[in-house]
Amino acid sequence: MFADVDVFISNYTLVDPEVYQLWVDGCSSSEAVTALNQRGVIQQTGATLELVASDVLDHYRTYSLLERLLHNPPKLAEQLAFQIEPQTRRLLIEKYYEFDGAVIRELLGKKLSSRHRKDLDEVSEKTCVLLKSCRRQFDNVKRVFKVVEDMQGSVVQNIKTNFLLPEELARRYGAVVFIACIKFETSKKKLQYLTFPDFYHCAQSIMASWTYVDNGSPEYDDTELDREFLLDLRELRILLDKEKEHKHLVCQKLKPQLLERSYQELDSNFRSYTRALVGLACNLHRSRELRSLFLELVERCLEPWRQVSWSHTDLRNFLSSYYQCALEMDVLREADLKNSWERYMTVITSCLLRMYHA
Amino acid sequence: MPGKVKVKILAGRNLPVMDRSSDTTDAYVEVKLGNTTYKTDVCRKSLNPQWNSEWYRYEVDDSELQDEPLQIRLMDHDTYSANDAIGKVYLDLNPLLLPASPAPVKSSWNSENTTTTSTSLKGGSVMSGWIPVFDTMHGIRGEVNIIVKVELFSDFNKFRQSSCGVQFFCSPVIPQGYHAQVVHGFVEELVVNDDPEYQWIDKIRTPRASNEARQTLFFKLSGEVQRKIGLKALDLGGNAVIGYNQCFDLEGESGIVVRGIGTAVTLTKIQEISVQPPLPFDITAIDDRQQQQQQQQLFSGGEEERQLTGSPQQARPVSSTSSKISPSPAKLSNLPAIHRRSSDSDLSITPKGSYMKRNSLTGSDRSSVMGGHLRQGPAVVRPSMNQESLDMMEYPFLTMSKYPPGFIMHLGGTVSSRSVKLLERITNLEEPETRDAWWTEIRMEVRSHARALGCNVVLGYSENTSICDDVCVLSASGTAAVINLQFSTNVEQDTSGQHLVSRVHMHNKELMTTSLDRTDFEREKTTPQKGDFTLPFMQGSKVRHLSDGYELDPVSTCSVCHIPYSECSVPFRVTMLKCAICRRGKVPDVLFTTIELPEGVSTTGKGCFLQAYVCRPKRDCRGELNAKEISDGLPFLEYELHRLLINKLKVKGMNSIFGLKVQVSIGEKMLVGLATGTAVYLTPLPMPPVPKVSADNTWADDKKLTEIQKLLQDTVKKNREVYQLKPLIELEFQSNGRIPASDTEESDDELPDLDLATGNKDTCVLEVDDAEDVDVISLLIDPHPPEGFYVVNTETVPGLDDQEIVKNLQMFTQVWRAKIPTGQPTSVFSKHFHRLLQSVYFKLRRMVPCALCDLQFGVELPEPDELQISVLGMALGLGEPERPSSKLKKKTVVSSTSKEAIKKADECELIFNLDEDHVAPENPAAAPLQVQLGCPRPHSPLRIKIPQSKPHHTPPRERYGVDMTPLSYVPGGKIERYLGNLNFFFIRESTCIREGGGLSGFVHSFVTEVLAIVRAHVTALGGNAMVAYFMSECVLYHNPHKNQGQCLINVGGDVVYVSYYSED
């Protein structure tokens, strides 16, 4: 029999982690019941399907009332309508802001406008994540971005205080916000093979080394790159002039570690490699170059290496010797230049290694 | 005499957008009390306005203060059109009119808690905080931060109209931390008014205006009733009303009736005694002499030793009293130390055997026992209630459901009365004579029923109505009982009697245990003692038993169950048997009561929830015909309900019901009766027989019949196992249904009467004549709650011996409503009740082990073919009992059979009373343990499942937010202060039901909002919990065609401040 009213309300808001997860995942209430049924809730508890359905509906009603508050997590603690115990509150927020890498990967580099929100069904199809969940993730990212975009200070810290997210999740959002702020090109076809964790990794290392150093000043902002540093990178051009010396040092160092074939190949192609790497550094101060950083890395570095089928280890060895040998050269005696080279190469090494899926 | 009210509006937050064009609001506030209104400035373009207004002052008469709510209305300023209402806050000023309670004395174990909160709680007359702004059309719309102060000039004018300072408690018990000096008796009041919803003006005003007019009126009427009841309490000499219950009868066209009933008492606060040793070694440090002095102080001061109460073994717990002991570790608080001391001092007075130390009962207590027997000296039972006042009282009714031990002497049984009335428009609002006359009629009937049972009072008294169109059924019910009357409170210590009396106690104990153990050894041991000391008394008591019902009975554990009336004088046939414990008193074969299980009554096994539901179709007619139809149907309904209840009880294998609530609802096409209660096996009462199935000749299928019989038998057997009723049954069976082995000569010859075979056979025969009857039998068999759930409708779970209620988990409300096709058998309906319970189990499945207490069902027939059921209950976490030794534990349960337990009965066992279900008795090492109890276990306070063999809950160290509970206690915590009672009537209407998630969504959000508002008020008053929470009315109108719905909810309870055990 269909009940007109069937509600269960408790003084402390009850959150069932399982049902909540289903809700967050964007299941409709009937889908949730089916899912629970498949997981054997009925066998475990001896409840009827009808009871499970009524329970799910109760939870869904509560969650939909809560959703508005979840958009502003600090309000959740302050509001009086629901009495939620702190640990439950944490669970609510954490799960609501949790995201799928695959979905966010699709959103990277796109404008977070309502026009794109409509296109989410493609994302949903591609990622096999329910449309509702995609929308939630889209909205979350957009909301977080809007709030912290123009805020001073560490972006991760800002996200943590404004959305009460745990460190790890806040970092992930931080990376998304950072990528969006710089407007890195991420959606070109050649970049499609990169996953969100790849970008997360790269963004993390860029944020760690290339942004302004946290010197306690209120203007400190880690979503902006250090302009001076980028300009300083131009000076690395000198390495191209000393290419021979550099090549010599690198080849000497790598010879014992490389196969003969690879060594030959390195020997003949070093020029183009170093041109790619140093050239990139010299042009980073142009924002167009900066935006297409990942594309450049793929097109000018990774693709040639892949063609000659370097192993991951080969790449690591090459990059580390390439970096080390440059330091040994006289041209990098100057402390500032040396410092720039270090800053540049740590990030580039880390990114390349991550992006080289081999 | 005036009082001064000062109001300051600080700020608002989260206000709704009222101006769509600019997405903001220009909010201001109107503050209204009586006819005076103040306005704040307009705070432009802000959803979080800061008004920080001046103090608005009102000088009002104190009676007005009691009647009028402070109304705070948030408005949106509009330059060109009329200002729009955002929402309203109603503040009941009554809690602020209470006398400021003295600063709480910090006791060692909660000092931290006290200090942290006491700053925010100076005086009782300030209320401040964020309160949700409620609009009847939109629900909660933001919050407003306010401060309200009340300064009251006391008025001692004899003819005053106000009753400020009379404290009201919804809790149906003597409040924790208080001691009832005198129970004055029943107070009631009733006011009537037109319902604004039905006035002509309603046709031209907006729904919002109409709803608000109603809400305001409900508030005023509620205040008026409470004020008038307070006046009556003052007239009686009381200073408080407990067990206060207020109802709104929405009679539709004929108006609104607001009724209040309660019990007037004189309460005194038990001082948190400073002599309490904060540290364990204090006790040892105090020498006997000192202790004695302290003891004298204690008792001369009229303070009571709370710990003395509640011992199942205490014969005459005269020190009865006061605070009901919370069935939680809290009760252990500080008292054992005192206890100990007093007993020591006893020792110093009279040399006695070690275990007679239970004479820790006070001096006055002793003499009371004497007095009782000799019928000369005054019997002392506090809370006192004297014969005189009882006679004077128009209605000897008490509305509490729980009484101090020793207060109740005998229970007669449930008495109730119903009356069907035709409603007419109330013409003269000032003189609500008709309604008064109706209730008078009913009360008189209840009174006469009680008298017919030889009882002097009605306990656990309640009144209800059910209205359908213009017909109203009024019901009143309670438990007829004989209570202990008192003539004076202070009696000199009778040292001469002491010696003897102490033996009486001892004897009682032995007697009780023997009856349980039934071992020859024990019997031999007790008999000489009895001969020596108690026989003189016993003989006296034997004579008086039936002739003169107001005497004290020495055996407390069973005397409560003895019938108070003479066998031949009752106007109905009852089966009476000898008491299974003392073999002297007569007991009925079943006992139904509306009260909680009194402490100290011996029970076997566990209690369980019992429910019977009867539905009776009726013709759909109007007016007088309708009234007649209902009136004709009611007796059948009640009979059916009773029969079902009795049979279900038997199937459960139990013999009594406590907390019985019978609700009759009338609808257009149906009459519905719902009875809920907690079934208990009272040890003194005989074991119920297994119902027999019989059929007349027309029923051919013998096989089927035996099947049914077998099913019944199996069920009874299963139930006995589940509820641990087994040991006694085995004994019973061994002796062929006879209660085995007599223990005294006197009762020996009367034993044949106990043969159950001859007694009441006809009552346990179920006739099966057709398929419908078979159906009925299947109704008798209720499914058991799942593992880990204990379900009752009383405040504690009787007989829960291996576990203990340690914390509050969840208060829950359930509302269910569906269309019911007419003409279906009752079984279909009871399915719905089961389903509701099932869904509670399912929802709370992660909280086991848990007890569901105070389960309240409400059933309504809002439409001809619709049934609405609401459930309110409390889930309580069960944990390990505190004591390390299981031996001690066993003794708390009456069914303790080991004789070594008795032998090993060391002094502490006798001193520390063992509350039947929950008290963790002290160890011999009382002092160190006490501290240990005060400090929390090493577990985390959070609900963490500890990986042990069995999951269990641990007591809380603090509680987040505001705890709401329908119970009158907070397990694991102690109620430090009562901050007043609240009673709200909310109305919510919506014209977009479909968009808001249907009717379910509408009700869901409304109930959530109501709880939020109540919590905010509790917090603003400085409380952190609400006890005795109720939701008495939940009326829902629905008009699907207009996509419109309206819901009315009446909630309330006592605001309290609870402290939990702190770390040290």
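Mentor: Before we place any residue, note that helices (H or I, at least four residues) and strands (E, at least two) are DSSP runs, numbered from the N terminus. Keep in mind as well that this is a predicted model.

Trainee: How should I read a helix packing, and at what angle do helix α16 and helix α20 of chain A pack?

Mentor: Angles of 65 to 115 degrees count as roughly perpendicular and those over 145 as roughly antiparallel. Helix α16 (residues 243–254) and helix α20 (residues 312–328) of chain A pack at about 130°, their axes being 9 Å apart, and therefore α16(A) is oblique to α20(A). The crossing of these two helices, α16(A) and α20(A), is right-handed. On the side of α16(A) the contact involves His246(A), Leu249(A), Val250(A), Lys253(A) and Leu254(A), while α20(A) contributes residues including Phe318(A), Tyr322(A) and Cys325(A). By class, the residues of this contact of α16(A) with α20(A) are seven nonpolar, four polar and two charged.

Trainee: What classes of residue does the contact of α17(A) with α21(A) have?

Mentor: Take the geometry before the classes. Helix α17 (residues 260–283) and helix α21 (residues 335–355) of chain A pack at an angle of about 120°, with 12 Å between their axes, so α17(A) is oblique to α21(A), and their crossing is right-handed. Leu277(A), Leu280(A) and Ala281(A) of α17(A) meet Tyr344(A), Ile348(A) and Leu352(A) of α21(A), which gives six nonpolar residues in the contact of α17(A) with α21(A), with no polar and no charged ones.

Trainee: And in chain B, how far apart are the axes of helix α13 and helix α14?

Mentor: The axes of helix α13 (residues 623–652) and helix α14 (residues 702–722) of chain B are 7 Å apart, and the packing angle is about 65°. Lys650(B), Val651(B) and Lys652(B) of α13(B) are in contact with Leu712(B), Thr715(B), Val716(B) and Asn719(B) of α14(B), and this contact of α13(B) with α14(B) divides into three nonpolar, two polar and two charged residues.

Trainee: How many salt bridges does the rule find over all chains?

Mentor: Side chains of opposite charge can pair when their charged atoms come close. The count over all chains comes to 51 salt bridges. One pair is Glu98(A) with Arg172(A), at 3.6 Å from N to O; it links distant parts of the chain, Glu98(A) being in the loop between α6 (86–97) and α7 (101–107) and Arg172(A) in helix α12 (residues 167–182), 74 residues apart.

Trainee: How many residues of chain B are in contact with chain A?

Mentor: There are 50 residues of chain B in contact with 38 residues of chain A, and the area buried between the two chains is about 4,000 Å², 56% of it given by carbon and sulfur atoms. Within chain B, Lys843(B), Tyr960(B) and His1004(B) lose the most area to chain A, together 20% of what that side buries. Eight salt bridges are found across this interface of chain B and chain A. Asp16(A) also forms a salt bridge with Arg845(B), where the closest N and O atoms are 3.4 Å apart.

Note on methods
Residues numbered from 1 in each chain as written. Chains lettered and ligands numbered in written order. Predicted model: local features only at pLDDT ≥ 70, side-chain atom pairs only at ≥ 80, totals over all residues. Heavy atoms only, no water. Axes fitted to C-alpha atoms, helices over the stretch in contact; angles between N-to-C directions. Parallel < 35°, antiparallel > 145°, perpendicular 65-115°, else oblique. Left-handed = near helix turned anticlockwise from the far one by under 90°. Contact = heavy atoms within 4.5 Å. Nonpolar A, V, L, I, M, F, W, Y, C, P; charged D, E, K, R; others polar. Buried area = accessible area lost by both parts, 1.4 Å probe. Salt bridge = Lys/Arg side-chain N within 4 Å of Asp/Glu carboxyl O.
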